[in-house]
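Subject: Structure handover

Hello,

Here is the structure I promised you. Please open it beside this email and follow along.

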Amino acid sequence: MDRAATSLPQQSLVDPDKYKSIGKGFSLTLKEDGARGLAKGWAPTFIGYSMQGLCKFGFYEMFKIFYSDMLGEENTYLWRTSLYLAASASAEFFADIALAPMEACKVRIQTCPGYANNLRQCAPKMFAEEGVWAFYKGVVPLWMRQIPYTMMKFACFERTVELLYKHVVPKPRAECTKGEQLIVTFTAGYIAGVFCAIVSHPADSVVSVLNKESGSTAVQVLKKLGPKGVWKGLVARIIMIGTLTALQWFIYDSVKVYFRLPRPPPPEMPESLKKKLGLTE
């Protein structure tokens, strides 16, 4: 999904004196580059995050089943938050390997004026100058950014859905229409997205600068940015990531509805565990 709007927070890291706020960033970008400036880097963004999304959601379902089988029914319920965290972290590890090359191209296009105008120009140029390493030098900080982000995204979403049906929605999920269920999905997705943005923003700042400056390390960039620098552009990122995450979950759930794929309800305590805890009559 297109995330070209990330050029604004990333540009604020490259030239914080010039891009002091979201409004000024939009106006300057429109003035200097026109509407096309807001869509700079759309191709690597679309390709990279499409590949990452496929791997992330697909592997998450796989790892969730894998870890659940290891734990057993009762422990799966008791340790469900830990299960969500472990499954999402495992999925993101592999998803970022797919994302890294396109992320490197996107950041180079957006933050290095004159370097390249599109993916077709950028990728061959980066390979000729730095080899394959140019596309993967940011994978470790990418893991630092994306794994906490994804852990928050999935665990917060799963638990928020559970809480919404328990305390907010006035009827059981089984009695809700598909449309009502999708509204719950979108709401939970947006809430999860806000927390995702906050958790991952410092590492995102490091990745943005690292992909721009050849020869720098994550530690060097972190020292250069300082405690305040890593939080620049957070408001823009919260708006963007909240909306993006909500749409991702909404689309994912809509696809499941359309193709009539399994959509398990929020977890309930197994009967065997209820008996052990003396919760049955």
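Glu129 touches Arg108 and Tyr115, leaving out residues up to four places away in sequence. Contact here means heavy atoms within 4.5 Å. Glu129 sits in helix H7. Its relative accessibility is 47%, so Glu129 counts as partly exposed. The cut-offs are these: buried is under 20% relative accessible area, exposed is over 50%, and partly exposed is in between, with a 1.4 Å probe and protein chains only.

A word on the model before we go on. It is predicted, so local features need pLDDT of at least 70 and side-chain atom pairs count only at pLDDT 80 or more, while totals for chains, interfaces and linings use all residues. Residues are numbered from 1 along each chain as its sequence is written, and side-chain values use heavy atoms, with hydrogens and water left out.

The overall build

The protein has 13 helices and zero strands. Helices (H or I, at least four residues) and strands (E, at least two) are DSSP runs, numbered from the N terminus. Of the 281 residues in the protein, 47% are buried. Now take the contacts between residues at least 6 apart in sequence: 76% of them join residues at least 24 apart.

Where H6 meets H7

At what angle do the axes of H6 and H7 cross? The angle is roughly 105°, and the axes come within 10 Å. Axes are lines fitted to C-alpha atoms, for helices over the stretch in contact, and angles run from 0 to 180 degrees between N-to-C directions. H6 and H7 are therefore roughly perpendicular to each other. Angles of 65 to 115 degrees get that label; under 35 is roughly parallel, over 145 is roughly antiparallel, and the rest are oblique.

On the H6 side, the residues are Met102, Ala104, Cys105, Arg108 and Ile109. They meet Leu119, Cys122, Ala123, Met126, Glu129 and Glu130 in H7. By class, this contact has eight nonpolar, no polar and three charged residues. Ala, Val, Leu, Ile, Met, Phe, Trp, Tyr, Cys and Pro count as nonpolar, Asp, Glu, Lys and Arg as charged, and the others, Gly among them, as polar.

Rolling a probe the size of a water molecule over the atoms shows where empty space is left. The largest pocket holds about 870 Å³ of space. It is lined by 33 residues, and the closest to its centre are Lys64, Glu158, Arg263, Pro264 and Pro265. A pocket is an open set of points on a 1 Å grid over the protein atoms alone, where a 1.4 Å probe fits, with protein on both sides within 12 Å along at least five of seven lines; lining residues have an atom within 4 Å of a point. Grid points are joined across faces, edges and corners, and a volume is the space filled by probe spheres set on the points. The lining of the largest pocket has 18 nonpolar, four polar and eleven charged residues.

The second largest pocket holds about 430 Å³. Of its 19 lining residues, Glu162, Tyr165, Pro266, Pro267 and Glu268 are the closest to its centre. H9 and H10 are the elements that give two or more residues to this lining. H9 gives the most, with five residues. The classes here are nine nonpolar, one polar and nine charged.

Is Pro266 buried or exposed? At 18% relative accessibility, Pro266 counts as buried. Pro266 lies in the loop between H12 and H13. Pro266 and Arg173 are 93 residues apart in sequence, yet 8.4 Å apart in space, C-alpha to C-alpha.

Pro172 is in the loop between H9 and H10. With 44% relative accessibility, Pro172 is partly exposed. Its C-alpha atom is 9.8 Å from that of Pro265, 93 residues away along the chain.

Arg260 is also in the loop between H12 and H13. Arg260 has a positive phi of about 55°, although it is not a glycine. At 78% relative accessibility, Arg260 counts as exposed.

Gly215 is in the loop between H10 and H11. Gly215 is exposed, with a relative accessible area of 70%. Leaving out residues up to four places away in sequence, Gly215 touches Lys137 and Gln220.

Best wishes
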